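Let us walk through a protein model together, one step at a time. Keep the picture at hand and look for each part as we come to it.

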Amino acid sequence: MDYRKFFNTEIEKFKDQGLYRKFRNIDRPIKSFPSADEKALDSEREVEVWCSNDYLNMSQHPEVVNDIVKTLLEYGSGSGGTRNISGTSTFHTDLEAKLADVHNKDASLLFASAYTANQSTLWTLGKKIKDIEIFSDELNHASLIQGIKNSGAKCHIFRHNDVDHLESLLKEVKKSTPKMIVFESLYSMEGIRSPIIKIVELAKKYNCMTYLDEVHSVGLYGEDGKGIAVEMGVEDQIDIINGTLAKAYGQMGGYIASSFEIIDYIRSFSPGFIFTTSICPSIAAGSLKAIEIVSMAEQLRIRLKENSSYIRQLLDSVAIPYIDTNSHIVAVMVNDPFLCKKVSQDLIDDHKIYAQPIFYPTVPKGLERLRVTVTPKHRKEHIDKMVRALDKVWAKNKLPRRNISKISTI
Ligand SMILES: Cc1ncc(COP(=O)(O)O)c(C=O)c1O
């Protein structure tokens, strides 16, 4: 085989479909965010960041940064091992206790990322619970899909947020068969919530376990930012909650929160937990501080809500199409991979606005978009400028207006 030819041909095909990804170097100085420095080999320019998942700016919060630096100076950088072999510290165990508390669960378990947490936990459950059948929302995140697929368990995919379809699939399976429903509380590429109450009702009716990804809701919704399951009062009916330290908490790492038995089981049998170095103590310390701040930061959540409402209001005034929800995520729809890249390029070249284009496989083909995120650090003048820029770029590319996707929120 001509390996070089194989890889080159595959990449060329990918490019022809408009799916090739280009990464930008974006350095984000604390003092100027949302202004940041885009650095290329031979140039540098200041841009405004409009697609960060550092939803509450915790990665730059002075107290968080201070605790990270303090821990780093006292304990060094790496954790020194896997959790089993010298890589467990009080930073790790304190953080696990805190995360269990956030979700009103018995216990939690840290992973290197929420991706690994999803993939590894679902792999373990799908592989080890004999004959289990899994019911998965069609728009579930890649990490959920990978975990289910790799486990080899039988999987039924239900239409996005369609509880009638889910029930029709559940009915087909014998009552005695072990089952698990896997879904997200807030779908991150559209900002739409799942019908969580109806799903837990179905889970009860058909005796299913439930696995909920709260990556985009923890820190942002519910009392003290405890997430949507707590907001809806159903956390005790969700068997496993998955979350990240990398978005509202601004760090890196992921976790699951659950009952003592399930956490002990995953801790004992999940290769993605066991055979990898634990997160750095400094990151765990920063996460502990970020959780403490976020739990008390109602003002930040209010500001985020106000900012996202304001941007929607301005988008309406210039009839730019977006998915109509009341979450913190604003999906501006372009619906074409080439145009989506062009819009993003024009925004940064003409207006110094950085919004990464999102296309397949992150979203279905034909539903390409800019996933716009505001943060509390974005001020009114930033938002005004962003929408003015979008308006101009829309006109330049003769894109259709006022075709707002009226997908109702639940
Ligand atoms: C729904 C969902 N789950 C899990 C993840 C993985 O999170 P992490 O970045 O912590 O790996 C993401 C990442 O964006 C996500 O969107």
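Predicted model: local features only at pLDDT ≥ 70, side-chain atom pairs only at ≥ 80, totals over all residues.

Residues are numbered from 1 along each chain as its sequence is written, and side-chain values use heavy atoms, leaving out hydrogens and water.

Let us begin with the domains. The domain assignment of the protein chain gives domain 1 (16–49 + 298–396) and domain 2 (62–295); such bounds come from an automatic or database domain assignment. The C-alpha centres of domain 1 and domain 2 lie 28 Å apart. Their contact (heavy atoms within 4.5 Å) takes 15 residues from domain 1 and 16 residues from domain 2.

Now look inside. A nonpolar core is a set of buried Ala, Val, Leu, Ile, Met, Phe, Trp, Tyr and Cys residues joined through side-chain atoms within 4.5 Å. Here, buried means under 20% relative accessible area, exposed means over 50%, and partly exposed is in between, with a 1.4 Å probe and protein chains only. The largest such core has 78 residues, and I181 and V332 have the most contacts inside it. Helix α11 (residues 281–295) gives the largest share of this core, eight residues. Helices (H or I, at least four residues) and strands (E, at least two) are DSSP runs, numbered from the N terminus. Leaving aside neighbours within four places in sequence, V332 is in contact with residues including L315, Y322, L370 and W394. Another core, of 21 residues, lies apart from the largest one, and among its members are L122, I148, I256 and F273.

Next, find a pair of helices. The axes of helix α6 (residues 163–171) and helix α7 (residues 196–205) come within 10 Å and cross at roughly 10°. Axes are lines fitted to C-alpha atoms, for helices over the stretch in contact, and angles run from 0 to 180 degrees between N-to-C directions. That crossing makes α6 roughly parallel to α7, a term for angles under 35 degrees. On the α6 side, V163, L166, E167 and L170 make the contact, and on the α7 side K198, I199, L202 and K205 do.

Helix α13 (residues 337–351) holds D346. Is D346 buried or exposed? With a relative accessible area of 7%, D346 is buried. The C-alpha atoms of D346 and V393 are 6.5 Å apart, although 47 residues separate them along the chain.

Finally, turn to the backbone. Most residues other than glycine have a negative phi, and most peptide bonds are trans. The peptide bond from F33 to P34, however, is cis, with omega near 15°, and P34 lies in the loop between β1 (26–27) and β2 (35–39). Another cis peptide bond joins Y360 and P361, with omega about 5°. As for phi, S86 has a positive value near 70° and is exposed, at a relative accessible area of 57%. A319 also has a positive phi, near 55°, but A319 counts as buried at 10% relative accessibility.

Key:
Parallel < 35°, antiparallel > 145°, perpendicular 65-115°, else oblique.
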